[in-house]
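This briefing is meant to be read alongside the sequence and coordinates.

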Amino acid sequence: MRAFRYHRPADVAEAVAVLAAEPQAAYLGGGTNLVDLMKLGVQRPDVLVDVTRLPLDTVEELPDGGLRIGATVRNSDLAAHPVVRRDYPVLARALLAAASGQLRNMATTGGNLLQRTRCVYFQDTGKACNKREPGSGCAALHGQNRDLAVLDWSEQCVATHPSDLAVALAALDTVVEVHGSDGARDIPIADLYRSPGTHPERETTLARGALITAVRVPPLPAARRSTYLKVRDRASFAFAAGSVAAVLDLDGDVVRDVRLAYGAVAHRPWRAYRAEEELRGRPFSPELAARAADAELAEARPLRHNGFKLPLTRAITVRALTELASS
Amino acid sequence: MQGGPENTTTIDERHSSRVTVEVNGVSREVTLDNRTTLLDTLREHLDLTGAKKGCDHGQCGSCTVLLDGRRVKSCLIFAVTVDGRSVVTVEGLAGPDELSPLQAAFIAHDAFQCGYCTPGQLCSARGMLDEVSRGWPSAVTGDLSTPAALTDAEIRERMAGNLCRCAAYPHIVAAVREAASS
């Protein structure tokens, strides 16, 4: 591991200033991903700016009924928060389906959104990876790509985004609050992540050195009827083979509103707008849910080893929505 | 592959820190290369070899300790980041000549074979039982609005971050169940 200087900033402005002055500095949150990647030699920062003691660790109820979640709120605290459990079960369920009890005690909200892909070729410095080393190629495209993308991938990168929380936040139209050297701004989560295209090393639209300080979840009364369904190779402590975040609002049996997002299918948390469109205004049935999923996945291009993700994603869409409809 | 010259570079002051941390109730002060994990600090600098290095990547749980009362994986924490904080390791779960109820239950239920994962299992179970007493839900909790009863399914899910290569799982579940009810 490369030697690094350690810096504990007094406030957000100082944190941002250090990143602006040090081209190879990185923010350190809970460390559950970054420390591992430093051990693997995948990330090699020469300065760590520890943001975990900044005063960004509160969950506030907003006057409009939404929720503002500080960037350093730990995953376990957020999952246990009474308002999250009552008003946004999809968030609590996504958090609880992720990692292990110890890791959830460490991992932060901001860090969770910015964690790196678990593509094994990205994590192995002996393999070609355009994301880790632009121009080196993609060993995953024709390699062991069972865990990788079926939607929106490019010849340069077939990685998936590993977060569960980000999938739930995508379904809820969350706004990400960011501080950079040019001040503060809001980024809708739909605009935070990038498709891999020809520059898979650029994963988000954040300027270098920008710091996520909070996320704002808009009020959505329908989210009281929401869930997160995740399928894994083993019962617990594994990344998703497929996952779905779902919010369902019924008027009688007619779908008044619905929010759907998929995990484990693309380089970004995948908001299923096309499936939502199929569902809205129609009487709910499991068959309708299956048709909606098929519409969303119509443009999928499975790789050699991950064709199973299409029927799997369809099946969990049907199961999640049917459960919500009957709850 | 990950070793090489970088790891033997002479440490200069810019890349090291003076760290004060309370361990098992005693304040300890050490000067460390910033790359030193909390796990290596405990084992190599403070002579506390209870916490074990299994995978060193946060996957096996054998390094689990309590940080400010919460269970964490000490292999993924740089010690410099815990300056001023409080750590409890397996050595601190009970006095030197006594067993905590959890430790006694592990013995009574034969909840280990080789014992390598046991310090992590014990610290994890200690932290987990505190989480349960605070009413925290888990992935298998059906109703998020009420505190979960500690069924075997709940114990298994909540202990999923600790692997046991000897597969003593049924006995670990039994031990944790007994400790929870005592």
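The points below are grouped by topic.

The model is predicted. Chain A and chain B touch each other, with 33 residues from chain A and 36 residues from chain B in the contact. Both chains are divided into domain 1 and domain 2, as set out for chain A and for chain B.

**Contact between the chains**

- On the side of chain B that touches chain A, strand E4 (70-73), helix H3 (118-133) and helix H4 (152-158) of chain B each supply at least two residues.
- E4(B) gives the most to that side, with 4 residues.
- By class, this side of chain B has 10 charged, 14 polar and 12 nonpolar residues.

**Nonpolar core**

- The largest nonpolar core holds 155 residues, and the members that touch the most others are Val90(A), Ala94(A), Ala168(A), Ala171(A), Ala245(A) and Ala246(A).
- Helix H8 (residues 165-171) of chain A contributes the largest share of this core, 7 residues.
- Leaving out residues up to four places away in sequence, Ala171(A) touches Val90(A), Ala245(A), Val247(A), Arg259(A), Leu260(A), Ala261(A) and Arg271(A).
- In soluble globular proteins, nonpolar side chains tend to be buried together.

**Sheet in chain A**

- An open sheet of 5 strands in chain A has the order E4-E5-E8-E6-E7, with antiparallel pairing.
- Strand E4 (59-61) and strand E7 (183-188) of chain A are at the edges, each with a single partner strand, so one side of each has no neighbour in the sheet.
- From one strand to the next, the twist averages 20°.
- Strand E5 (residues 67-70) and strand E8 (residues 211-217) of chain A run antiparallel and are joined by 4 bridges.
- Val215(A) in E8(A) is the bridge partner of Ile69(A).
- Helix H1 (residues 12-21) of chain A lies across strand E6 (175-180) and E8 of chain A, and runs at about 130° to E8(A).

**Domains of chain A**

- Domain 1 of chain A spans 5-50 and domain 2 spans 223-325.
- The centres of these two domains of chain A, taken over C-alpha atoms, are separated by 36 Å.

**Domains of chain B**

- In chain B, domain 1 covers 11-92 and domain 2 covers 101-181.
- Their centres, taken over C-alpha atoms, are separated by 23 Å.
- The contact between them takes 14 residues from domain 1 of chain B and 14 residues from domain 2 of chain B.
- Strand E3 (64-67) and E4 of chain B each give two or more residues to the side of domain 1 that touches domain 2.
- E3(B) gives the most to that side, with 3 residues.

Terms used. Residues are numbered from 1 along each chain as its sequence is written. Chains are lettered from A and ligands numbered from 1 in the order in which they are written. This is a predicted model: local features need pLDDT of at least 70, side-chain atom pairs count only at pLDDT 80 or more; totals for chains, interfaces and linings use all residues. Two residues are in contact if their C-beta atoms, placed from the backbone, lie within 7 Å. Ala, Val, Leu, Ile, Met, Phe, Trp, Tyr, Cys and Pro count as nonpolar, Asp, Glu, Lys and Arg as charged, and the others, Gly among them, as polar. A nonpolar core is a set of buried Ala, Val, Leu, Ile, Met, Phe, Trp, Tyr and Cys residues joined through C-beta atoms within 7 Å. A residue is buried if 20 or more other C-beta atoms lie within 10 Å of its own, exposed if 12 or fewer, and partly exposed in between; C-beta atoms are placed from the backbone. Domain bounds come from an automatic or database domain assignment. Two strands pair if DSSP finds at least two bridges between them. Axes are lines fitted to C-alpha atoms, for helices over the stretch in contact, and angles run from 0 to 180 degrees between N-to-C directions.
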